[in-house]
Amino acid sequence: KELINWNGEHAFISVDVGRERLDKRIDISILKDGKKSIRINKIKIKKIGELFGNFNVVMFSPEDLRIIKDSPGVRRKFIDMELCQLNPKYYYNLVQYNKVLNERNILLRNRNTSSEMLEIYDMQLVEFGYNIIRERIKYIESLNKYAEKIHSDITSGKEKINFKYISTIKDLENIKENFYTLLEKNRSKDCDRGTTSIGPHRDDFFVYINDIDTKSYGSQGQQRTAVLTMKFSSLEIIKELTGEFPVLLLDDVLSELDFNRKKYILSTIGQIQTVITCTGIEDLYEYLHEPMVHCFASMRLKSLDEAREEVAKRVKETEYLFAIVLKENSKVIEEIDAYPESGEPHKDENAVLDNFSPCWMLNKNYFGKGYAYEAAHAFFDYLFYEKGARRIYAYTEDYNASSQKLCEKLGM
C-alpha cells in the first residue's frame, strides 16, 4: 500500500518481460484495501502462484545477512522463495502442506480429537511434506555444486563453503515412513503443546566455511561472503533449469561490501541484466573501471590480443607472466612476472622451488593511481594460494622510491 500516492486510489505496475521462448506483459494493480489484481498478457490470474516462473529474479540487499544470522524461519523462507519461482509443483505442495498443518494444529488444541482424525491429517502432511523435503535437499545439492567455485573465486581460494540440510526427520533415505512414524510417536506431546513438532516447517540448513558453522563462529565478513555466494549460486541454478539468467537486483549492497567482493560482483554480471541502487554513481564508476589481470601478456604491446601472441616468444624467460589491462579498452599498462627458485643457494635440481622475486613495469602515465599495488596484490595471492609460494622478496634500487613504497605497502 505504500506505493499508492497520498491522494490516489491505487498503484499500477507494468513489466514487459522479454524471454527467448515467449515475451510476456505483467500488469499489477494494488488497491488501498491491500487487494491486488494481476494480469499476464491481459489475462487475469486467480492465484498468486500463477505468477511464479514468469519473471525470475534474484535480489541481494543488506537485509539478506539475516539469512545467516537469524532464525531457521528466515533460511526456510529463502529456500522456499527460490524453489517456488522454479517449480510450480513445489509452490502447490507448500501451500497444501501449510493448510493441512494449520488444520492439524487446530485439532491438536482440541483435547477431544480422535486419533483416527489425526491419522487422516498425518497422511496428508506426510505426502506434501515428503515432496517439500525432497526438493529442498536437491536445491541444497545444487547450491553446493555451484558455491564451491564461486566462494573460492571470491576468497582467492582461502575458504571452502558447504551447505547441509538439517531435518527433524533424521532418516532422509526413507522420508515418508520415518515422517509418519515420528508424527505418531510425538502425537501425545503435540497434543499437550497444541502444535506439530515434526516436519519441514521445523527444518533448517547450516552454512559451513572451512567446516566451521558460519552462524555461530563466522565473522561478519565471512557471513556477507556466504550470502553473496548463495545469491550468485542461485543465479546459476536458475540458468541451469530455465536456460536463461534471471534479473539480478542489487539493492544498496555495494556500500556494505569490501573491495574484493565489489570487484567480484561487478566483474561477474556482464551477461546478466542487473538493476543496481547505490548511494553514489561515483563509487560504481570507480569499480566498473578497475583494471583486470590477464595471464601471459606484455606491457610493451598496445592491446591484449597482441600481448597473447607475444607469450610464445617470451615463455622461456619467466615462469609466470601477467599483463595489467584497462577493462574498458584492453589497453596494456603494466607487466608483472616472477620465476620460481630455491630458498637456498646451490641446491640440487630436485629442490623445492617455492621462492619468488617479482618484477613489475608500469606505464609512467598511470603512476600514483593504485594500479601497481592492485596488480601486485593479485599476483602475490596467485603465487601464494595457487603456486605454493613460501617466500616473496624483491630488490629495489636506492633511487627507486616509488618501488620501495610499494614494497612497504605490500608488507615486504
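Residues are classed as buried when their relative accessible area is under 20%, as exposed when it is over 50%, and as partly exposed in between, with a 1.4 Å probe and protein chains only. The structure is a predicted model, in which local features need pLDDT of at least 70 and side-chain atom pairs count only at pLDDT 80 or more, while totals for chains, interfaces and linings use all residues. Residues are numbered from 1 along each chain as its sequence is written, and side-chain values use heavy atoms, with hydrogens and water left out.

Helices (H or I, at least four residues) and strands (E, at least two) are DSSP runs numbered from the N terminus. Helix α3 comprises the 22 residues 88-109. The expected span of a helix is taken as 1.5 Å times one less than its number of residues. The buried residues of α3 are Y90, N93, L94, Y97, V100, L101, R104, N105, L107 and L108. Viewed down the axis of α3, these buried residues fall within an arc of 150°, so they line one face of the helix; the arc is that of the directions from the helix axis to the C-beta atoms. P88 and R109, on the other side of α3, are exposed. The cover over the buried residues of α3 includes α2 (72-86), α4 (115-154), α5 (175-185) and α6 (187-193). At the start of α3, the backbone nitrogen of K89 has a side-chain oxygen of N87 within 3.0 Å.

Side chains of opposite charge can pair when their charged atoms come close. With a salt bridge defined as a side-chain nitrogen of Lys or Arg within 4 Å of a carboxyl oxygen of Asp or Glu, the count comes to 15 salt bridges. One of them joins D122 and R187, whose closest N and O atoms are 2.7 Å apart. D122 lies in helix α4 and R187 in helix α6, so this pair ties together parts that are 65 residues apart in sequence. Both partners are buried, D122 at 0% relative accessibility and R187 at 10%. A network of salt bridges links R104, D122, R187 and D190; R104 is also among the buried residues of α3.

In the first, R25 and D27 meet at 3.3 Å, N to O; R25 is partly exposed at 35% relative accessibility, whereas D27 is buried at 11%. In the second, the side chains of K138 and E135 meet at 3.8 Å, N to O. K138 and E135 are 3 residues apart in helix α4, a separation of about one helical turn. K138 is partly exposed at 44% relative accessibility, and E135 is buried at 16%.

S233 is placed in helix α8 (residues 220-242) and is buried, with a relative accessible area of 0%. When neighbours within four places in sequence are left aside, S233 is in contact (heavy atoms within 4.5 Å) with L143, Y146, A147 and I150. D337 belongs to strand β13 (residues 332-338) and is buried at 14% relative accessibility. Along the chain D337 and S357 are 20 residues apart, and their C-alpha atoms are separated by 8.5 Å.

Key:
A polar contact is a pair of N or O atoms within 3.5 Å; within protein, one must be able to donate a hydrogen and the other to accept it, and residues adjacent in sequence count only if both atoms are side-chain atoms.
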